[in-house]
Each structure stands twice: as C-alpha cells, then as structure tokens.
Amino acid sequence: MIFFGPSEGGALSDIDLASEIADGAGRILQAIRHGELLDDAVLGDTGDRLAQAWIARVLRRYRPQDAVLSEEAPDSAERLSAERVWVIDPLDGTRDYAVHRPDYAVHVALTQGGQPVHSAVALPALGQVFRSDTVTPPTGKLTGNLALSRSRATPGMFRVADQLGLTPVSLGSAGVKAMAVVTGRVDVYLHAGGQYEWDSCAPVGVARAAGLHCSRLDGSELTYNNSDPYLPDLVICRPELAEKVLAALN
C-alpha cells in the first residue's frame, strides 16, 4: 500500500483513469513481448515490474491521496482506514503472458466501502478494454460452457460442470475468464484454487456492471480491502443460472 504526495493533475474521472491505466499498462506489456526477445520467467518478471512501475507513477500524479493495494507492491495496514483504495493487478495471468499466450489481463479497480465502484479490465493481446460504465449484459442464447483455470481447476469444479451439463473450457487469467462470461463466450466462471483480491476485484466490478451474478462459492458477498487480501474462491455467471450453480456447489 502506498500513499502519495500532492497531486500534479486530476482532470480525468475515476473511470477514465482506470481505463487509461489498464489500456496503457497493456500496451507496455505487449511492447515488452516485442520480437519474442524475452520469454518464460524473465519475460513474466519484466512485465510485472515495468507495468507496476508505470501504474504507480500514474496514480502518484493523478490520485495522490488514494491508497493502493497491488500484487506487485508492498502492503500496509494503513490502507484499511482509507476511504478510496485502488486494487491493482498489473499482469494477471503471468504464466500465460510469459509463454506468449493471449489470455492475460490488466486489472484496475477503485474501491470504496469494500466494493469496486469503478473498474477496468484490459485484454492487451486482444486489444480490448472493458469498463464498468460502458459494459453491457451478454446477449444471445446460453452456450453451455463453463470457464475454469488452466492450471488450478479442482476435481470438484469438473463434477459441478458435469452435474450442470456444462462443457469445461480452460483459460488463463481471471480477467480473461470473467470477460468470457461478460461477452457471452461462456455462461459460468468458477474458481476454487486460491486467489487474492487483485485477481477478482476489477473483473467483478465489470461483471456486476454487466448484470452478472458474482459471489463466493457459498453465495456470500465478495468484499475488498480486507486486512488479509486472500480471497480464494469465486463464481461469476449469467443471473438466470445463479440459483442452479450455487445449489450444485453447495
């Protein structure tokens, strides 16, 4: 967590700033991949560090009084008393990014009262930025697909998929999987393999704005800016499926 000094600017609205940060960090991450000159752990580490450094400088200039919780920055209990807290994941899906897969994301969310109020999720390899103020509900028929983690799907998740008659689709990055529900590519996203607040905060903010159901696997509310940022499980789904999904999970 970081508190910054006097502001050097502030003309951007919170949602515009969130979107610009997500987009800009994504462009940096794509540039770092240029020519495949780096790969594997070196690429992942470089992307994490440079994206975080750029985001921190931007927030220092435009929102100097706000607190920040980021995967790639030291934490402090002082953020717990802050009214406004940015929850950031500069590079979600580092493993996929490091091997030049497209399914990685940048998460940027401003929280107040433990909830995301302005959120943006960038999918840089696809050239997409999803904003909580412009996202629309998914349209069309249900696909019968369920998004699961490529590396952390648990046997229980596959049992739920079978019980609901859904086809598992393995994807990287929580942001990519959540946006797959937003765009109607899949109907449900389940995760039980361990996450932190920065993994889900911005995706949940965008998904809620799109009218989707978002909760813990037991149906309880997702809350952010907790003293312990570990938030291990998540369900995002089409609202018409929420009751069936939660029943299957519990």
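The lining of the largest pocket draws at least two residues from each of β2 (85-92), α3 (94-98), α5 (174-182), β8 (188-191) and α6 (197-209). Helices (H or I, at least four residues) and strands (E, at least two) are DSSP runs, numbered from the N terminus. The model is predicted, so local features need pLDDT of at least 70 and side-chain atom pairs count only at pLDDT 80 or more, while totals for chains, interfaces and linings use all residues. Residues are numbered from 1 along each chain as its sequence is written, and side-chain values use heavy atoms, with hydrogens and water left out.

**Largest pocket**

- The largest pocket holds about 480 Å³ of space.
- Its lining has 27 residues, and those closest to the centre are Asp-92, Gly-93, Thr-94, Arg-152 and Asp-199.
- A pocket is an open set of points on a 1 Å grid over the protein atoms alone, where a 1.4 Å probe fits, with protein on both sides within 12 Å along at least five of seven lines; lining residues have an atom within 4 Å of a point.
- Grid points are joined across faces, edges and corners, and a volume is the space filled by probe spheres set on the points.
- By class, the lining of the largest pocket comprises 12 charged, 9 polar and 6 nonpolar residues.
- In this division, Ala, Val, Leu, Ile, Met, Phe, Trp, Tyr, Cys and Pro count as nonpolar, Asp, Glu, Lys and Arg as charged, and the others, Gly among them, as polar.

**Second largest pocket**

- The second largest pocket holds about 150 Å³ of space.
- Its lining residues include Pro-102, Leu-123, Phe-130, Met-179 and Arg-185.
- Two or more of the lining residues come from each of β5 (128-131) and α5, and α5 gives the most, with 3 residues.
- The lining of the second largest pocket divides into 8 nonpolar, 2 polar and 2 charged residues.

**Packing of α1 and α2**

- Helix α1 (residues 14-32) and helix α2 (residues 40-62) pack at an angle of about 150°, with their axes 9 Å apart.
- The two helices are therefore roughly antiparallel; angles under 35 degrees count as roughly parallel, over 145 as roughly antiparallel, 65 to 115 as roughly perpendicular and the rest as oblique.
- Axes are lines fitted to C-alpha atoms, for helices over the stretch in contact, and angles run from 0 to 180 degrees between N-to-C directions.
- The crossing of α1 and α2 is right-handed; a crossing is right-handed if the near helix is turned clockwise from the far one by less than a right angle, and left-handed if anticlockwise.

**Packing of α5 and α6**

- Helices α5 and α6 pack at an angle of about 15°, with their axes 9 Å apart, and are therefore roughly parallel to each other.
- Their crossing is right-handed.
- Ala-174, Gly-175, Ala-178, Met-179 and Val-182 in α5 meet Asp-199, Pro-203, Val-206 and Ala-207 in α6.
- This contact has 7 nonpolar, 1 polar and 1 charged residues.

**Packing of α4 and α7**

- Helix α4 (residues 155-164) and helix α7 (residues 242-249) pack at an angle of about 130°, with their axes 10 Å apart, which makes α4 oblique to α7.
- The crossing of α4 and α7 is right-handed.
- Met-157, Val-160, Gln-163 and Leu-164 in α4 meet Lys-244, Val-245, Ala-248 and Leu-249 in α7.

Notes. Contact = heavy atoms within 4.5 Å.
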